[in-house]
Amino acid sequence: MTLLEARNLARHYTTIAGVVPALDGVSLEIHEGEVVALVGQSGSGKSTLLNLLGGLDRPTSGELLFRGRNLATLNGPELARYRRCDVGMVFQSFNLIPHRPAMDNVVLPMLFESTPKAERKRRAAELLESVGLTKRASHRPAELSGGEQQRVAIARSLANQPSMLLADEPTGNLDSRTAEEILQLLLSLNRDHGKTLVLITHDEHVAGVANRRIRLKDGKVVSE
Amino acid sequence: MKMPDVIELGFDNLRQARLRTLLTTMGVSIGVCALVGMVSLGAGLQDNLNARLLHSGFFQTMMVFPRFDNNNNPADRVANQGQGPRILDDTALTAIRQIPGVARVEPDVRLFLQIAINGKDAQAMAVAVPKEDGEEAAFAEMPFGKFFDSEDADEVILNTQMAKDLGFANPNDLVGKTVHATIGVTRQQGRNAASARGGRLPSFMGGGGGEKGAKREAAPPAASPAIPGIPQQLPEIAVDLKVMGLTARERAMLGNVGAQIYLPFAMAQAHQEKFFQDFPMLQLFRPPGYQGATVHLHSARDVESVEKTINTLGFRTISIASAISQLKRVFVIVDMLLAFVGSIGMAVAFLGITNTMVMAVLERTREIGVMKAVGAEDQDIRWLFLSESAVIGAMGGVIGLIFAWILGRVVNFGANIYIVRQGLQKENLFLIPLWLIAAAMGFSIFVSICAGLYPADRAARIDPTRALRHD
Ligand SMILES: Nc1ncnc2c1ncn2[C@@H]1O[C@H](COP(=O)(O)OP(=O)(O)OP(=O)(O)O)[C@@H](O)[C@H]1O
Ligand SMILES: [Mg+2]
């Protein structure tokens with residue numbers, strides 16, 4: 001079943017130097033439960049595409065359908081709700097809030113969902129346990145290793161039980177052993193919980209474990 | 001996002017930048033302190049004035065006089081829209097008593113008295129005081145003695161200066177003593193013309209004048225020849241009066257200016273009647289009715305309407321109500337000026353908050369991007385920053401009020417040292433009424449939220465993809 005469908009998706013950035021066609025007519029489908037690797041050279045438009053898929057940005061033209069619904073028709077709060085509940089995002093640089101403990105970082109998406117306080121705490125503790133960080137719940141990001149930070153970020157991405165995880169080079173800042181642990185964690189979420197996984201990677205090994213790889217070049221899909 | 005969570009998060013964020021929050025809050029509290037200090041000074045001054053004037057009965061009294069339409073006073077002509085001039089007699093006083101809002105009406109009874117004791121004497125105008133006026137500040141706060149026992153007792157209240165003139169270095173020694181009073185009329189004669197008793201026209205209104213060392217016995221009534229016209233000899237009646245008390249200050253009341261002696265009302269009135277009975281030819285020089293009357297009202301609010309009604313009855317009125325309303329207008333302007341000066345501090349605090357919040361937005365751009373990426377709406381971000389500035393405003397308001405209170409105490413203390421040294425009563429120059437506390441808090445929070453509007457809007461509009469782009 002098709003979860004996400006992009007039709008002739010384009011994103012042009014207007015800069016003082018002129019218009020940059022970061023994404024230029026991309027069409028693709030992502031099916032529920034699959035693992036898709038987005039590959040391509042630096043500057044090919046992978047992050048731009050992922051941000052559009054995650055509802056962080058709006059396309060210049062083209063359509064993006066989530067479960068058949070065009071995201072372009074959503075207003076600001078509706079798109080925020082999509083980001084909050086349908087997608088979980090994981091970044092290369094973790095993007096945790098530095099002055100808040102791991103627990104609060106995991107709670108954050110549930111704050112915006114107005115989840116009751118007790119429920120938030122309970123669920124955040126559960127998520128931290130599932131990524132093996134119960135002991136680190138009250139630690140701030142600076143007190144955690146890179147791998148631990150990325151685990152917190154993954155726990156956070158799962159807070160509102162999204163059907164899809166979007167990861168932008170999730171292992172890019174980690175040593176190979178830790179990278180493998182994080183990769184296995186993400187794959188287990190796909191395998192055990194049916195989360196659809198779209199991840200950007202430069203790593204051939206990571207790309208190798210995906211069901212499918214989509215290669216971008218100069219803002220266009222060059223191969224699937 | 002729920003409001004309590006927004007505020008909690010706002011608090012946490014402020015705690016993150018403690019020094020900056022503290023400094024900004026201090027800026028706000030100085031602004032609030034200045035504003036509250038200025039306004040409470042205005043309120044304190046006004047309250048003092050009001051309390052004094054209200055206590056003195058100034059607001060609730062007016063003087064009524066008969067109107068003389070033969071003069072060209074335009075005010076009289078304007079007032080002459082009701083009846084023509086009327087005699088201020090008992091019938092008229094009864095009519096005035098029936099006007100709604102009037103508490104009581106008393107005719108002016110004045111006698112010229114010479115007071116003598118132990119071979120020394122002094123003269124002054126005496127005013128008849130009804131027992132209701134015993135509550136007035138001038139009597140209630142007498143330093144020596146007490147008010148009259150009854151309205152027809154042979155008693156008198158003098159003032160401390162007169163006690164000294166009568167040779168009492170310690171004024172308290174005079175209280176309870178009996179003085180010899182000679183009731184006469186005002187004489188404009190020279191001081192040494194003691195034997196020349198041929199007086200001028202008697203005047204019941206004017207004060208001053210009189211003779212030193214006048215005779216203490218009453219001139220026998222039979223001694224005055226009953227020739228209509230200029231009296232040959234000045235009539236006098238003597239009476240012994242017990243000194244009940246001594247006033248320290250003059251009665252702050254219309255129409256009593258210059259009075260230094262106070263007599264019980266009924267007693268004074270009886271003596272005045274007797275005086276005219278004994279010397280009937282004086283009646284010829286006396287205009288019909290009373291020369292004036294004092295009208296006491298229940299409330300100062302009615303002054304205007306009662307004045308109007310009395311004017312249409314055909315009498316002239318004098319009240320300081322109009323002067324007071326002028327004064328109130330002045331106070332509004334003074335208050336506004338003080339508030340304006342105080343507001344300068346708040347304007348500076350406004351800029352301080354805006355600066356702090358803009359800095360916070362810049363500093364937390366990435367954090368805002370993260371929050372948006374995990375599902376924050378623009379509105380959530382806006383509320384988050386507004387809550388932070390509102391919290392700064394609330395804290396600044398509380399601290400500012402505490403500062404203002406301390407400042408008020410210190411200024412009061414300092415000013416009262418001076419005031420007491422001047423021999424005056426302690427005053428509360430600073431007054432922070434409840435409405436001012438509420439208004440200051442509200443204003444502080446309001447100004448802070450306004451100062452946070454622009455930064456909050458900037459935060460809400462941050463593009464998450466840009467915010468998250470680089471490390
Ligand atoms: N906000 C922006 N304004 C202007 N140009 C942009 C902006 N964001 C991205 N670009 C440009 O769009 C192109 C695609 O960028 P994008 O970040 O999607 O590349 P990428 O494939 O993720 O690269 P990398 O592998 O280095 O992360 C680049 O040429 C980049 O310079
Ligand atoms: Mg990228």
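Predicted model: local features only at pLDDT ≥ 70, side-chain atom pairs only at ≥ 80, totals over all residues.
Helices here are DSSP runs of H or I at least four residues long, numbered from the N terminus. The buried ones are E367(B), I368(B), G369(B), V370(B), M371(B), K372(B) and A373(B). After α10(B) comes G375(B), and its phi is positive, near 115 degrees.

Positive phi values also turn up in residues other than glycine. One of these is S114(A), where phi is about 60 degrees. S114(A) sits in the loop between α3 (102-112) and α4 (117-130) of chain A, and its relative accessible area of 23% makes it partly exposed. In chain B, N118(B) has a positive phi too, near 50 degrees, and is not a glycine either. Its loop runs between β3 (110-117) and β4 (120-129) of chain B. N118(B) has a relative accessibility of 66%, so it counts as exposed, the cut-off being over 50%.

Next comes the ligand. Ligand 1 has residues from both chain A and chain B around it, so the site is shared between the chains. There are 14 residues around ligand 1, and the ones that come nearest are S42(A), G43(A), K46(A), S47(A) and T48(A). Sorted by class, this shell holds 2 nonpolar, 9 polar and 3 charged residues. Two elements of chain A, β1 (2-15) and α1 (46-53), each supply at least two residues of the shell. Of the contributors, α1(A) gives the most, with 3 residues.

Some contacts with ligand 1 can be picked out atom by atom. On the chain A side, an N or O atom in the side chain of S42(A) is 2.4 Å from an oxygen atom of the ligand. The side chain of K46(A) also places an N or O atom 2.8 Å from an oxygen atom of ligand 1. From chain B, the side chain of R469(B) has an N or O atom 3.0 Å from a nitrogen atom of the ligand. Taken alone, ligand 1 would expose 630 Å², and the protein buries 75% of that.

Salt bridges are the next topic. Over all chains, the count comes to 32. One of them joins R67(A) to E32(A), with the closest N and O atoms 3.4 Å apart. R67(A) is in the loop between β4 (61-66) and β5 (69-70) of chain A, while E32(A) is in the loop between β2 (18-31) and β3 (35-40), so the pair ties together parts that are 35 residues apart in sequence. Both partners are partly exposed: R67(A) has a relative accessibility of 40%, and E32(A) comes in at 34%.

Another salt bridge in chain A links E204(A) with R213(A), at 3.2 Å between the closest N and O atoms. R213(A) is partly exposed, at 32% relative accessibility. Over in chain B, the side chains of D463(B) and R466(B) meet in a salt bridge of 3.7 Å, N to O. Here D463(B) is partly exposed, with a relative accessible area of 26%, whereas R466(B) is exposed at 61%. Salt bridges with shared partners also join R81(A), R84(A), E113(A) and E377(B) into one network.

The surface of chain B carries a nonpolar patch as well. I30(B), V398(B), I402(B), F403(B), W405(B), I406(B) and V410(B) make it up, and together they have about 660 Å² of accessible area. Helix α11 of chain B, covering residues 378-421, gives the most to this patch, with 6 residues. V410(B) lies in that helix and counts as exposed, at 53% relative accessibility. As a general point about such helices, an α-helix has 3.6 residues a turn, so residues three or four places apart point the same way.

T61(B) belongs to strand β1 of chain B, residues 61-66. Its relative accessible area is 3%, so T61(B) is buried, which here means under 20%. T61(B) and R104(B) are 43 residues apart in sequence, and their C-alpha atoms are 9.8 Å apart in space.

Key: Residues numbered from 1 in each chain as written. Chains lettered and ligands numbered in written order. Heavy atoms only, no water. Near = heavy atom within 4 Å. Polar contact = N/O pair within 3.5 Å; in protein donor to acceptor, adjacent residues only side chain to side chain. Areas by Shrake-Rupley, 256 points an atom, 1.4 Å probe, with all protein chains shown as cover. Nonpolar A, V, L, I, M, F, W, Y, C, P; charged D, E, K, R; others polar. Salt bridge = Lys/Arg side-chain N within 4 Å of Asp/Glu carboxyl O. Buried < 20%, exposed > 50% of the residue type's maximum accessible area, 1.4 Å probe, protein only. Patch = residues over 30% accessible without salt bridge, like charges linked within 9 Å, V, L, I, M, F, W, Y side chains within 5 Å.
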